[in-house]
Amino acid sequence: MQVKLFKCTHCGKVQEKKVMEQGDDGKLYCEGCWNELFSSCAGCLDIFRKEELKWTDGMPYCSDCLIEYFGRCEKCGEIVSKDDLYEIPGGEIHCKRCFDKVYGECSICGEVDFLQHLHKESGRLYCDKCSEIMNKDSFEVYFDDLDEKCRKRLLYFYGMSDSSERNWDITPLF
């Protein structure tokens, strides 16, 4: 039985085809040369030359997957997962680290504002409106003045649905 041998496109080493890898150019490479020259994208799993990939979070990504799964912080320039990006007032995009240095989010209504404009109570941040409501003996009067988003978040915060009877003398769930 005659064994067919193939030559590595990069180093010229001769081997059986079963131990050769195909590159993005369709040519055959020995395992060592393939590992040196190529990698598969962690997002789409397609094969690319290593210089075409961007390494993020210790994984290689092609340009299409990088755009799909990651974004750049407009403050520090770091590339991070889109799940870790925050839009600040004015529309800029910041990573969590930059966001947390300057901004905060109200625990009830979700409003984003500068940290110095938020109130910290019991380890949570509150905007002016929610803080005022939280510090009143009874805030049923203020409830109807809130916009719909704030009302829903406040009801959720207190474990109530929109149809629940308003009994404000309860402790928050968190």
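A contact here means heavy atoms within 4.5 Å of each other. By that definition, residues 24 or more positions apart account for 13% of the contacts in the protein chain with a separation of 6 or more. The structure is a predicted model, in which local features need pLDDT of at least 70 and side-chain atom pairs count only at pLDDT 80 or more, while totals for chains, interfaces and linings use all residues. Residues are numbered from 1 along each chain as its sequence is written, and side-chain values use heavy atoms, with hydrogens and water left out.

We can start with the chain as a whole. Its secondary structure comes to six helices and 16 strands; helices (H or I, at least four residues) and strands (E, at least two) are DSSP runs, numbered from the N terminus. Of the 174 residues, 33% count as buried. Buried means under 20% relative accessible area, exposed means over 50%, and partly exposed lies in between (1.4 Å probe, protein chains only). The protein chain exposes about 11,600 Å², and carbon and sulfur atoms supply 46% of that area. Accessible areas come from the Shrake-Rupley method with a 1.4 Å probe, and for residues only the protein chains shown count as cover.

On the surface, V3, L5 and V14 form a nonpolar patch with about 270 Å² of accessible area together. Patches are made of residues with over 30% relative accessible area and no salt bridge; like charges are joined within 9 Å, and nonpolar side chains (Val, Leu, Ile, Met, Phe, Trp, Tyr) within 5 Å.

Charged pairs come next. Side chains of opposite charge can pair when their charged atoms come close. A salt bridge is counted when a side-chain nitrogen of Lys or Arg is within 4 Å of a carboxyl oxygen of Asp or Glu, and by this rule the count comes to three. In one of them, R49 pairs with D25, and the closest N and O atoms are 3.5 Å apart. This pair links distant parts of the chain, with R49 in strand β6 (residues 47-49) and D25 in the loop between β3 (20-22) and β4 (28-30), 24 residues apart. R49 is partly exposed at 22% relative accessibility, and D25 is partly exposed at 34%.

Another salt bridge joins E78 and R97, with the closest N and O atoms 3.0 Å apart. E78 lies in the loop between β9 (70-72) and β10 (79-81) and R97 in helix α3 (residues 96-102), so this pair ties together parts that are 19 residues apart in sequence. Both are partly exposed, E78 at 32% relative accessibility and R97 at 46%.

Helix α3 also holds the pair K96 and D100, whose closest N and O atoms are 2.8 Å apart in a salt bridge. Because K96 and D100 are four residues apart in this helix, about one helical turn separates them. K96 is partly exposed at 40% relative accessibility, as is D100 at 37%.

S81 lies in strand β10 and counts as buried because its relative accessibility is 19%. Leaving aside neighbours within four places in sequence, S81 is in contact with Y69 and F70. The C-alpha atoms of S81 and E68, 13 residues apart along the chain, are separated by 9.4 Å. R124, in strand β16 (residues 124-126), is partly exposed at 27% relative accessibility. R124 and C106 are 18 residues apart in sequence and 7.9 Å apart in space, C-alpha to C-alpha.
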